[in-house]
Amino acid sequence: MAIMAPGDPGSVSEPSQPTPTLLGRDGGLPAPAGGVTGARSLRRMTRAVISNRKATVGALLLLFFCLVALFPGVIAHDDPNAEIYPRSLGPSAQHLLGTTAFGQDMFAQVVWGTRPVLLIALLAGLGATLIAMLVGVSSAFLGGAWDGVLGLVTDVLLVIPLFPLLIIIGSYLHGAGTTVLIAVIILTSWSYTARQVRAQALSLRNRDFLNAARVRGERSLYIIVAEIIPTMTSLLVAAFLTNALYAVLFSASLQFIVPGLCIVALGSAFALLNYAFDEIGNPALRPVRSMRGKRVKRAG
């Protein structure tokens with residue numbers, strides 16, 4: 001029998017190994033995983049908050065402020081705006097924090113003032129994070145002229161000193177209300193977060209699951225909303241907590257809302273919660289804690 005060369009017709013060659021592929025629902029392409037990734041990120045964040053003592057304390061502290069904001073009349077029975085008490089009283093059983101120079105109960109002002117402060121923190125933090133998310137992801141994914149224009153706007157806001165600007169705006173809008181204050185903080189505080197989001201999105205732009213979405217013919221808006229954003233959940237939540245913290249501090253510096261200790265306590269709630277998301281963003285923090293636990297067990 002003649003020995004045939006590998007390239008000769010009729011030669012018998014070993015079957016080639018099939019190339020492993022990820023089969024999806026659309027002609028063998030990987031299926032969209034945005035929803036799965038988002039659900040997985042939420043479960044991971046929940047575990048991180050529960051397993052981190054500082055984050056757990058922050059969550060409980062934030063829950064306390066939420067309950068106070070929802071049911072202020074249960075805790076403080078006095079009208080915070082009523083000028084019916086003796087002026088400038090010290091703390092007593094009737095007035096736990098005393099009265100103001102106008103005869104108002106300070107404890108009632110603290111309790112009822114929790115709602116607007118928490119509203120500013122949540123809405124301003126959420127608004128700034130949403131704008132930063134849209135600008136950062138769009139700038140990284142679309143590139144070209146979009147990246148240049150959005151980057152220019154972001155850079156301009158970054159070099160503007162934010163705190164003096166807020167003081168100037170607050171002086172012109174004195175007494176304009178919580179809505180205007182929230183809008184001002186949102187429009188002036190999203191730029192730094194947008195830079196962080198853009199850097200993260202750039203690292204994801206050429207991943208396989210995004211290339212598969214392009215091959216499937218998905219639109220850019222779908223890829224941004226359903227594919228990129230769910231993979232950045234932990235970063236966005238951490239950015240929201242940071243923006244909420246700064247919103248509280250900025251609002252307190254522009255107008256008197258509640259005494260400083262409550263501002264510090266509410267800010268601490270957001271800061272402590274951020275410890276959990278630092279662990280998600282920096283995996284090196286997790287082994288350190290687990291190894292300490294193992295050493296304690298071995299020592300015991």
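Reader: Which residues line the second largest cavity?
Author: In this predicted model, the lining of the second largest cavity is made up of Val-135, Gly-136, Ser-139, Leu-150, Gly-151, Thr-154, Ala-194, Arg-195 and Arg-198.

Reader: And which elements give two or more residues to that lining?
Author: Helix H4 (106-142), helix H5 (144-159) and helix H8 (191-204) are the elements that each contribute two or more residues to the lining of the second largest cavity.

Reader: How does the lining split by class?
Author: The lining of the second largest cavity has 4 polar residues, 3 nonpolar ones and 2 charged ones.

Reader: What volume are we talking about, and how many cavities are there?
Author: The second largest cavity holds about 40 Å³ of space, and the count of cavities of 30 Å³ or more comes to 4.

Reader: Changing topic, what is the fold made of, in terms of helices and strands?
Author: The protein has 13 helices and 0 strands, so that the pattern along the sequence reads α-α-α-α-α-α-α-α-α-α-α-α-α.

Reader: Where is confidence highest, and where is it lowest?
Author: Helix H3 (residues 72-75) has the highest confidence, with a mean pLDDT of 92, whereas helix H13 (residues 285-299) has the lowest, at 52. Over residues 1-31 the pLDDT is below 50, and in the model this stretch has 22 contacts beyond near neighbours in sequence. For the protein as a whole, the average pLDDT is 76, and 71% of the residues score at least 70.

Reader: What is Ala-124 in contact with, apart from its neighbours within four places in sequence?
Author: Leaving those neighbours aside, Ala-124 is in contact with Leu-119, Ile-182, Ile-185, Ile-186 and Ala-247. As for Ile-182, its C-alpha is 5.3 Å from that of Ala-124, although the two residues are 58 apart in sequence.

Reader: Ile-185 is on that list too, so where is Ile-185 placed, and what does it touch?
Author: Ile-185 is placed in helix H7 (residues 178-188) and is buried, at 2% relative accessibility. Not counting residues up to four places away in sequence, Ile-185 touches Ile-120, Ala-124, Ala-247, Phe-250 and Ser-251. Between Ile-185 and Asn-243, which are 58 residues apart in sequence, the C-alpha to C-alpha distance is 9.4 Å.

Reader: What share of the contacts in the whole protein is between residues 24 or more positions apart?
Author: Of the contacts with a separation of 6 or more, 70% are between residues 24 or more positions apart. Buried residues, for their part, make up 35% of the 300 residues in the protein.

Reader: Last topic, aromatics: how many aromatic pairs does the structure hold?
Author: The structure holds 1 aromatic pair, formed by Phe-64 and Phe-65, whose ring centres are 5.6 Å apart.

Reader: Why is that pair called edge-to-face?
Author: The ring planes of Phe-64 and Phe-65 stand at 70°, and because planes over 60 degrees apart count as edge-to-face, the pair falls into that class.

Reader: And are those two residues buried or exposed?
Author: Phe-65 is buried, with a relative accessible area of 8%, whereas Phe-64 counts as partly exposed, at 48% relative accessibility.

Conventions: Residues numbered from 1 in each chain as written. Predicted model: local features only at pLDDT ≥ 70, side-chain atom pairs only at ≥ 80, totals over all residues. Heavy atoms only, no water. 1 Å grid on protein atoms, 1.4 Å probe; cavity = no way out; pocket = protein on both sides within 12 Å on 5 of 7 lines; lining within 4 Å. Points joined across faces, edges and corners; volume = space filled by probe spheres on them. Helix = DSSP H or I, 4+ residues; strand = E, 2+ residues; numbered from the N terminus. Nonpolar A, V, L, I, M, F, W, Y, C, P; charged D, E, K, R; others polar. Phe/Tyr/Trp six-rings, centres within 6.5 Å; stacked < 30°, edge-to-face > 60°. Buried < 20%, exposed > 50% of the residue type's maximum accessible area, 1.4 Å probe, protein only. pLDDT = per-residue confidence, 0-100. Contact = heavy atoms within 4.5 Å.
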